[in-house]
Amino acid sequence: MSTKVTIFLTGATGYIGGSVLQRLVQHPNRQDFEISAFVRNADKAKQLEAQFGVKTVVGSLQDLDKLSSLSENAHIVIHTADCDDVNAINAILGGLKARHEKTGDLPALIHTSGLAEIVDDARGEYVSDKVYSDLDIASIEALPPTALHRPVDLLIVAADVAGYVRTHIVLPSVIFGPATGPLFDAGIANPHTISIPLLVRIALTRGSLGIIGKGACVWGAVHIEDTADLYLGIFNSVLSNPDKISHGREGYFFVENGEFPMVEPSRIIVETLFEHGRIIAYLLYANSRGRAERARKEFSWTPKYSVKDFLEGLKSEVELILKREDAKNS
């Protein structure tokens with residue numbers, strides 16, 4: 001009888017983490033996995049165990065001993081919670097190091113960072129000529145250690161270089177689209193991205209829009225389904241042929257499928273809220289231009305949704321968020 005693959009996931013009730021967990025519980029080899037999730041809500045923990053067969057531990061990222069112990073017990077750790085929590089990532093890496101030293105296993109860490117790491121200081125005045133590629137490691141390593149998300153990412157790469165874990169860092173651009181499926185239908189995971197609800201909430205509070213400079217900057221975008229597929233591609237590669245997938249210094253995976261001017265979603269949000277008797281607020285502009293080439297090259301990641309889908313679907317997504325916010329306040 002073969003030993004099951006042990007998997008530990010943080011952020012299981014979140015937008016990204018819930019989408020990744022849903023891929024895992026629906027995986028064709030699900031019977032070969034032992035999945036553990038770290039959740040803050042005891043009721044959701046019970047739902048995950050009863051309805052989806054996921055082992056759970058209730059806690060937060062501040063419970064460092066739990067994080068370390070759960071990581072030590074996993075061959076694959078997928079971290080989709082706070083990407084800037086240095087203490088949390090040190091606890092996770094400590095657990096993985098202990099696993100390697102005690103058992104000889106070489107575990108894997110799939111960590112969620114973000115393409116805010118490559119933003120410039122344009123302040124809405126221009127579109128940058130600089131476009132990063134996740135195949136251009138020299139450009140990534142030239143980023144200052146103070147860049148957004150960089151302190152944690154550097155710790156992760158150093159752990160891979162030390163030889164006790166293979167690390168893969170996922171850097172999504174702006175993720176769009178409502179997440180759907182059993183975990184979301186059950187109310188366990190959050191179906192909405194962070195950025196759009198945040199702008200809507202600010203709009204409802206301030207009732208106004210401010211744009212820095214000309215609003216000329218651009219960002220990449222990717223649908224939540226395509227994002228989850230990329231995580232699954234890394235996961236499957238780690239299982240089937242870990243020597244073939246990039247890790248450590250080369251293990252950066254951008255997630256994007258086209259670019260959009262930052263002023264455009266703001267315009268759509270403004271128009272949508274105006275139709276409902278509302279208006280929007282302030283947004284800081286910077287360029288974040290990256291090309292997701294590595295996943296396309298290494299495991300044929302093929303996103304289905306484009307920036308056009310993002311912009312065309314944004315009105316209905318804002319209306320869904322608006323209904324949810326109104327329900328909270330009623």
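Axes here are lines fitted to C-alpha atoms, for helices over the stretch in contact, and angles between N-to-C directions run from 0 to 180 degrees. Helices (H or I, at least four residues) and strands (E, at least two) are DSSP runs, numbered from the N terminus. The model is predicted: local features need pLDDT of at least 70, side-chain atom pairs count only at pLDDT 80 or more, and totals for chains, interfaces and linings use all residues. Residues are numbered from 1 along each chain as its sequence is written, and side-chain values use heavy atoms, with hydrogens and water left out.

## Helix pairs

Helix α10 (residues 263-275) packs against helix α12 (residues 307-329) at an angle of about 45°, and their axes are 9 Å apart. That angle makes α10 oblique to α12; angles under 35 degrees count as roughly parallel, over 145 as roughly antiparallel, 65 to 115 as roughly perpendicular and the rest as oblique. The crossing of α10 and α12 is right-handed. A crossing is called right-handed if the near helix is turned clockwise from the far one by less than a right angle, and left-handed if anticlockwise.

On the α10 side, the residues that meet α12 are Glu264, Pro265, Ile268, Ile269, Thr272, Leu273 and Glu275. Their counterparts in α12 are Phe310, Leu311, Leu314, Lys315, Val318, Glu319 and Leu322. Contact means heavy atoms within 4.5 Å. By class, this contact of α10 with α12 holds nine nonpolar, one polar and four charged residues. Ala, Val, Leu, Ile, Met, Phe, Trp, Tyr, Cys and Pro count as nonpolar, Asp, Glu, Lys and Arg as charged, and the others, Gly among them, as polar.

Helix α1 (residues 15-25) and helix α9 (residues 224-240) also form a packed pair. Their angle of about 55° makes α1 oblique to α9, and the crossing is right-handed. From α1 the contact takes Tyr15, Ile16, Ser19, Val20, Arg23 and Leu24; from α9 it takes residues including Ile224, Ala228, Tyr231 and Phe235. The contact of α1 with α9 has nine nonpolar, one polar and three charged residues.

A further pair is α3 with helix α4 (residues 86-103). This crossing is right-handed as well. Leu64, Leu67, Ser68, Ser71 and Glu72 of α3 take part, with α4 residues among them Ala91, Ile92, Gly95 and Arg99. The contact of α3 with α4 divides into seven nonpolar, five polar and three charged residues.

| Helix pair | Angle | Axis separation |
|---|---|---|
| α10 and α12 | about 45° | 9 Å |
| α1 and α9 | about 55° | 9 Å |
| α3 and α4 | about 35° | 7 Å |

## The seven-stranded sheet

Seven strands make an open sheet with parallel pairing, in the order β3-β2-β1-β4-β5-β7-β10. Two strands pair if DSSP finds at least two bridges between them. The edges are β3 (55-58) and β10 (252-255); each has a single partner strand, so one side of each is left without a neighbour in the sheet. From one strand to the next the twist averages 15°.

Within this sheet, β4 (residues 76-79) and β5 (residues 108-112) run parallel and are joined by four bridges. His79 has His111 of β5 as its bridge partner. Helix α3 (residues 64-72) packs on the sheet, where it touches β1 (5-10), β2 (33-39), β3 and β4, and its direction makes about 150° with that of β1.

Asn73 lies in the loop between α3 and β4. Leaving aside residues up to four places away in sequence, Asn73 touches Thr6 and Arg99.

The whole structure contains 18 salt bridges, each a side-chain nitrogen of Lys or Arg within 4 Å of a carboxyl oxygen of Asp or Glu. One of them joins Lys55 to Glu34, with the closest N and O atoms 3.6 Å apart. Lys55 is in strand β3 and Glu34 in strand β2, so the pair links distant parts of the chain, 21 residues apart.
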